[in-house]
Amino acid sequence: MIGAPLAEVETFENADALAQKVAEWLCALAQESDRDFAICLSGGSTPRRLYELLATPAIASRFPWRRAHWFWGDERFVPRDNADSNYRMAHDALLSRAPVSGDNIHAIPTEGLLPEQAAAAYETTLKRFYGGDMLAPDRPLFDVTLLGIGDNGHTASLFPGQPALQETRRWAVATVGVKTEPRITLTYPALDSSRDVAFLATGEGKRDVVARARAGDRTIPAAMVRPVGRLHWFLDRAASSGGTDVR
């Protein structure tokens, strides 16, 4: 049986303290790199404060924007100006407020094609950026991948019991029929191809599912993320089951 992967766990007093720490952590990693720096963004409500902090002068003045490239771990199949769009959330909170080149924004397409076509198109985008069709463990696709965890243990748009969980070849797939709208999601091979993967979780409602994921519960999609690099859990006090220092 596969156990839980080793992970660094940090717990913070509240969601704002968590966002501040992760913003500084992400900025430091980007500064340390001397090449293009690829960041895979998470959707949902939890990371919004993080994105807003990245755009504040205190951090934006130090962030290497010209080298940073922005990707998404999943997307709802809605227009980009839709309130439910992960792209729109990141755009409003960060990308429109920071000196980001449009050439460095790699959004998942959601208009003018079918969900399956959108997934294939995004895989092509990822492969073009990566410069190859096969992921090498010693050359990750992403530098940092940010992830959340849903109440049912899903991460990105990898939901319990869905065929996408078994995908080992494709980097992106369409998930249809689970939610009201189709989703495009990266698969484990793409999400795992990262130097650092960071889960962000806040609120008491996430405490039980976070504990199960960290324990390696194989019925929890988030528990099956196993990056080639380092795994981090950033939690607020409410989402933590204890055992880590609160900062």
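Reading ring and charge contacts

Reply: Lysine 127 lies over the face of tryptophan 171, 5.4 Å from the ring centre. The model is predicted, so local features need pLDDT of at least 70 and side-chain atom pairs count only at pLDDT 80 or more, while totals for chains, interfaces and linings use all residues. Residues are numbered from 1 along each chain as its sequence is written, and side-chain values use heavy atoms, with hydrogens and water left out.

Me: What does a charge over a ring require?

Reply: NZ of Lys or CZ of Arg must be within 6 Å of the ring centre and within 35 degrees of the ring normal. Another case is arginine 139, whose charged end sits over the ring of tyrosine 130, 3.8 Å from its centre.

Me: Which residue forms a salt bridge with lysine 127?

Reply: A salt bridge is a side-chain nitrogen of Lys or Arg within 4 Å of a carboxyl oxygen of Asp or Glu. Here the partner is glutamate 123, with the closest N and O atoms 3.0 Å apart. Both residues lie in helix 5 (residues 115-130), 4 residues apart, about one turn of the helix; helices are DSSP runs (H or I, at least four residues), as are strands (E, at least two), numbered from the N terminus.

Me: Is glutamate 123 buried or exposed?

Reply: Buried means under 20% relative accessible area, exposed over 50%, and partly exposed in between (1.4 Å probe, protein chains only). Glutamate 123 is buried because its relative accessible area is 10%, whereas lysine 127, at 21%, is partly exposed.

Me: How many salt bridges are there?

Reply: The count is 14.
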